Amino acid sequence: MTKETAIYCSGLTKVYPAPEGHLEVHALRGLDLEIKVGEQVAITGPSGCGKSSFLNILGTLDRPSAGQVKVFGQSIEDLNPKERALYRRNTAAFVFQQFHLIPTLTALENVSLPLHYAGVNAEEARERADKALAKVGLDHRKGHLPALLSGGEQQRVAVARALVTEARLLLADEPTGNLDGATAKDIMALLLESIGDQRTLIVVTHDPEIAAQIGRRIQLRDGLIEKDELSKKVES
Amino acid sequence: MKNWLRNLKRQKLRNSLTISGVALGIFTLVILGALGEHFRSMVEDSRDYTRGMIRLFTKTNKDGINVGITKETLDKIRAMDEVLLVEPVLTLWLNGFDLESDPLGFMNPGPLVQGLNEEHAQTLRAKVKILDGRWIRKGDKHHAMIAEWLALKRDLKVGGSVTIRNKEYKVIGIYLAPDVPLIPSGIVPYKPLNDDFIKPQLDRAQKFFKNMSKRPAFKMAAPFIKANKLDKELSQSFVREQQSLYRMYDVIPKDRSDAGTNALAQKLREECPELAVIDPDGFAEKMEKAVARFIVLTAIMTIISTVVGGLLIVNTMAMAVIERRKEIAIKAAIGATPRQIVLEFLLEAGAIGLIGAVIGIALSVLTIHLAEPAILDRLENGARIFHLTPRLLVLAASYGIGMGVLAGSLPASRAARVDPALTLRGL
Ligand SMILES: Nc1ncnc2c1ncn2[C@@H]1O[C@H](COP(=O)(O)OP(=O)(O)O)[C@@H](O)[C@H]1O
Ligand SMILES: [Mg+2]
C-alpha cells in the first residue's frame, strides 16, 4: 500500500544571518526528503548539525532561507504569521526538551491551552484535556502547577498538550534530553504508543538507544543528510 | 480562563504601584470632574431659572455715575404690548456685608436675599419648588421664604423666625431651589427690604445736608433756594445712586416662550440703549464663560495626572512582555495567533486600568462624602460643591480602561513580535 506524503522537502536551506563581524551560519544546506503519513522518524546527528532548525521550519516557528517544504500537501514556507499560528494549532504540535509548560497554569490548564486558542468552549476543552491527561497517566496531578511536578511528569503533560488537538504531525525536539534513563524510556514509550498510526512523528535525539526504537532514522551532518535508513522490521 | 488575574498577582508590588498610580489619576479626574459637573449643572439650572425672564441692569455712565432706571423708561416699557410685568428686584447680602468680621467676605460671598413684589414672586413658582409653608402674598411685610439648604443649616422652620440684615423676619415658606448664585437663598417682599435698606441712609443723608444748609456760607451763596427742598432732593438722589447698584428690574413677557422672550429682549435693547438687557441666553452665556475656564483647567489637570498612570502601565506591561517572552513563544508554538497574544496583554493592561479606576472612583466618592459637608460648613453658601453624576463615573471607568488599553498597546504589539524559534532556543 502506498502511503500519502506527509512531508516533502526539496533543497531546504537555512542560513542564519551573521552577527557583526562573524560569518553567517549555514544550518541546513539543501535537504531533499520525503516522509509518509503515519511514519515515525528519528533525526540524529551531532550538536549543531541543524536538527532543531529543521524541526522549527517544519513547525513554522522559523522560515527556510530557500527551498520548498510541503506538509500534507500545503506549502508552509510563505505562510503569514496568522496562517502559521493556525498551522501550529491544526497541523503540527511540539514537544520540547525543556518541556516549556506555562509556569502559572496547572497541568490541566496547560493541556487545554491549545484548545482555548482554537476557540473550543471551556467545558469541552476541559473534558478533552482531562482525557489527554488520563492517557499520559497524570489524572491525579491535573491541579498541580508545573513546578510541583517532576521532569518526567512535566514532559507527560507536554505530551498530553501536544496530543490534545488533532494535529497530525508531532515534532519532538530531544524530548528525553532532560530526563534520566528510565524516565526517558517511559516518555519514549508513551510517545510511541499514544500517537497511534495516523499521526506522523519526528523525534530529534542523539540517544542511539532511543533512535533504535524508531523505524526510520535520518542522520544529519553539517546541514546535510548523511544517512537515511529503515529498520528491518519496518522494511519487511 | 482568568489568567490575566493570575498574571497580575505575579508581580504584586509592581502591579499594586501601577494600579495606585492609575487610581490617583482617576481620583483627580472624579474630584475635578464632580466640581465641573456641579458647575455645568449650575449653567443648566440658571438657564432654566432665567427662562422667560429678562433682566434690566443699569449702566454706569461716562461720569462714573449709575443713575438707575428713570420712571419714564419704566413707564415706556410697561406700556409695551408684549410686556406682562416690570418689577424691581433688590438683591442684598442676606447677612449684610460685614468686612470687619469677614475681611475676605468679597471673595467668599455669602447667601443672598431678594426683595420681590408679590405678583412678581408668583412668576417664579414654576422654577422654585415650595417644600413647606406658603408663597409670599399681599400684605406680607417681614415675612421670608428661605431656601432649603439654608433652612437646614440654620435649623429654620416654617413659623419660626430668621434674621435677615439684622431684622427679624417670620419664616413662611421653605423652597427647593437649584444651587446657583443667581437664585437667592431668601425671598422677601420688596417694600420692607427696600425701606430697611434705604431709610437709614436717607435719614443720614438728610441730616448731613440739613446741617450743611444751616452754615452761613451756604446761606450767603444761595439765599433764594429753599433749604428744606434742597435737603430732600440732594439726599434722595444721593441714595438713589446707591440703591441703583443693588436694584435691577425684571421684565416678564406675556409670551414666555424662548422666542417671545428673545424678541422682547431685542426690542428692549433697541429702544433702551442706556440699559443692559440680559436675556436667558445671555445669562447662560455668562455662566458658561465663567465655567469654561474652570473646565479647561480641569481637563488639563486630569490629563496631567492620568498621564502618570498611563506611563506606569506602559512600563509595567513592557516589563511583563520582557519577562514573559518565553511564555509568549510557548503560546505561539501551541497555536496562539499574534492577535490572541496581543489581546491577552491588552486585557491585562485594561484590567489594571479598570482596577485602578474602580479604586480611584471609590476613594474619590468616599472623599467627597467625607469632605463636602466640612467644606460647605466653611463656605456658608450653597448646598453642594461636588456633583457625582452617573456619566462622570462611567467616564472615569472607561477612561481607566481606555488608558490601560492604550498604554498597553505598545508593549502588547511587541509581544506579538517575539520570535518563537529564537526565544525557545536553549531555554
Ligand atoms: N537564531 C540563530 N542565529 C544564528 N545561528 C543559529 C541560530 N539558531 C541556530 N543557529 C546555528 O545553526 C546551527 C544549527 O543549529 P541547530 O539547528 O540548533 O542544531 P542542533 O539542533 O542540531 O543542535 C548551529 O551552528 C547554531 O549555532
Ligand atoms: Mg537542537
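1. A word on the ground rules. This is a predicted model, in which local features need pLDDT of at least 70, side-chain atom pairs count only at pLDDT 80 or more, and totals for chains, interfaces and linings use all residues. Residues are numbered from 1 along each chain as its sequence is written, chains are lettered from A and ligands numbered from 1 in the order in which they are written, and side-chain values use heavy atoms, with hydrogens and water left out.

2. Start with chain A as a whole. Chain A holds eight helices and 10 strands; helices (H or I, at least four residues) and strands (E, at least two) are DSSP runs, numbered from the N terminus. Its C-alpha trace spans about 45 × 45 × 40 Å along the principal axes. The radius of gyration of chain A is 18 Å, in agreement with the value near 18 Å for a compact globule of 236 residues; this radius is taken over C-alpha atoms, and the globule rule is 2.2 Å times the number of residues to the power 0.38. Of the 236 residues in chain A, 53% are buried. Buried means under 20% relative accessible area, exposed over 50%, and partly exposed in between (1.4 Å probe, protein chains only).

3. Now look at the six-stranded sheet. In chain A, an open sheet with mixed pairing runs in the order β6-β7-β8-β3-β9-β10; two strands pair if DSSP finds at least two bridges between them. At the edges stand β6 (92-96) and β10 (224-230) of chain A, each with a single partner strand, so one side of each has no neighbour in the sheet. V95(A) stands opposite A172(A) in β7(A).

4. There is a second sheet in chain A. Four strands form this open sheet in the order β2-β1-β4-β5 (chain A), and the pairing is antiparallel. Its edges are β2 (25-36) and β5 (74-75) of chain A; each has a single partner strand, so one side of each is left without a neighbour in the sheet. Two bridges join β5(A) to the antiparallel strand β4 (residues 66-71) of chain A, with S75(A) in β5(A) as the bridge partner of K70(A).

5. Which distant parts of chain B does the pair R391(B) and E37(B) link? Their side chains meet in a salt bridge (2.7 Å, N to O), where a salt bridge is a side-chain nitrogen of Lys or Arg within 4 Å of a carboxyl oxygen of Asp or Glu. R391(B) lies in helix α13 and E37(B) in helix α2 (residues 12-50) of chain B, 354 residues apart. R391(B) is exposed at 52% relative accessible area, whereas E37(B) is buried at 9%.

6. Another salt bridge sits within one helix. D75(B) and R78(B) meet through their side chains (3.9 Å, N to O). Both belong to helix α3 (residues 71-78) of chain B, three residues apart, about one turn of the helix. Over all chains, the structure has 30 salt bridges.

7. Finally, visit the surface of chain B. L354(B), V358(B), I401(B) and V405(B) make a nonpolar surface patch of about 280 Å². Patches are made of residues with over 30% relative accessible area and no salt bridge: like charges are joined within 9 Å, nonpolar side chains (Val, Leu, Ile, Met, Phe, Trp, Tyr) within 5 Å. Accessible areas come from the Shrake-Rupley method with a 1.4 Å probe; for residues, only the protein chains shown count as cover.
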